[in-house]
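Reader: I'd like to go through this model with you and ask what stands behind the labels. Could you show it first?

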Amino acid sequence: MRLIFIGPPGVGKGTQARRICDYFSILHLSTGDILRDEISKDSYIGQSAKSFIDAGHLVPDDVLLEIMSGRLAQEDCNSGYCLDGFPRTILQAEGLENILTDLNHALNAVISIVADEEELINRLVLRGETSGRSDDTADIIRQRLQIYRQQTEPLIEFYAQRNLVKTVDGIGAIPEITERIQKTIE
Ligand code: AMP
C-alpha cells in the first residue's frame with residue numbers, strides 16, 4: 001500500500017497518517033519530521049532548511065527531492081508507505097512520479113483531508129501552546145495556509161487527473177476521521 005496525505009496545516013494530516021500507517025502496517029514518512037530531525041542534528045540540510053521553516057515558507061524543491069529519492073530507495077520502503085507532507089508543489093509531484101517510476105512503485109491513493117480555515121487557525125494556535133513548534137504562531141500559520149492554497153492545493157487536481165484522490169472531511173473525533181479514511185481506501 002502506498003499513500004499520499006494532502007491537507008492544509010492543522011487539519012490533522014500527521015495524526016491521521018500515523019494512525020493509517022499503524023492500521024495497514026506501513027511506514028510513515030513525514031517530511032516535516034525528517035526536516036525537524038535534521039535541524040536538531042544541526043546537519044547541513046537542517047541548517048539550510050531552518051530559516052525557511054521558521055518563516056513559514058517551503059523548503060526548496062531540490063532539497064526535498066534529494067531527501068525523498070534517497071529515502072524511498074531504502075529497503076524498508078518496499079512493503080509500503082504513506083507520504084505525509086510530500087509532495088507539496090507540482091514540481092515535487094512531478095519529481096516524485098519519476099522517482100516512483102524508477103523504483104517501479106505505484107500509488108494506491110491520495111487522501112485529501114479538508115476543513116474550514118477558521119477551524120484550522122484555532123487548532124494550530126492551540127497546538128502552538130503545547131507543541132513548542134516555532135512555526136505554530138498566528139502570523140506564521142496564516143502564511144503557511146496561504147502557501148498551502150497557492151502551491152499545494154493544485155496537487156489535488158494533478159492527482160484527480162490520475163484518478164487517485166479520495167476526499168475526507170477532517171472535522172470530527174480523531175477515530176471517526178480515521179474510519180472515514182479506512183473506508184475510502186478499502
Ligand atoms: P509539516 O510538519 O508537514 O507541517 O512541515 C513543517 C514545515 O516543513 C513546512 O511548513 C515546510 O517549511 C517544511 N516542509 C515539510 N515538507 C515539505 C515539503 N514537501 N516541501 C517543502 N517544505 C516542506
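Reader: Why does Asp-42 count as exposed?

Author: Because its relative accessibility is 52%, and exposed means over 50% relative accessible area, buried under 20% and partly exposed in between, with a 1.4 Å probe and protein chains only. Before we go on: this is a predicted model, where local features need pLDDT of at least 70, side-chain atom pairs count only at pLDDT 80 or more, and totals for chains, interfaces and linings use all residues. Residues are numbered from 1 along each chain as its sequence is written, and side-chain values use heavy atoms, leaving out hydrogens and water.

Reader: What is the phi of Asp-42, and where is it found?

Author: Phi is positive, about 55 degrees, although Asp-42 is not a glycine. Asp-42 sits in the loop between α2 and α3; helices here are DSSP runs of H or I with at least four residues, strands are E runs of at least two, and both are numbered from the N terminus.

Reader: And what makes Asn-163 exposed?

Author: Its relative accessible area is 73%, so Asn-163 counts as exposed. Asn-163, in the loop between α8 and β5 (165–169), has a positive phi as well, near 60 degrees, and is not a glycine either.

Reader: What makes a set of residues the largest nonpolar core here?

Author: A nonpolar core takes buried Ala, Val, Leu, Ile, Met, Phe, Trp, Tyr and Cys residues joined through side-chain atoms within 4.5 Å. The largest such set has 27 residues, and Ile-4, Leu-72, Leu-83, Leu-96 and Tyr-159 have the most contacts inside it. Helix α4 gives the largest share, 5 residues.

Reader: Which residues does Leu-72 touch, leaving aside neighbours within four places in sequence?

Author: Among them are Leu-29, Cys-77, Leu-83, Leu-96 and His-105, where contact means heavy atoms within 4.5 Å. There's also a second, separate core of 20 residues, including Cys-82 and Ile-113.

Reader: How do α2 and α3 pack?

Author: At an angle of about 115 degrees, with axes 8 Å apart; the axes are lines fitted to C-alpha atoms over the stretch in contact, and angles run from 0 to 180 degrees between N-to-C directions. Residues making the contact include Leu-35 and Ile-39 of α2 and Ile-45 and Ala-49 of α3.
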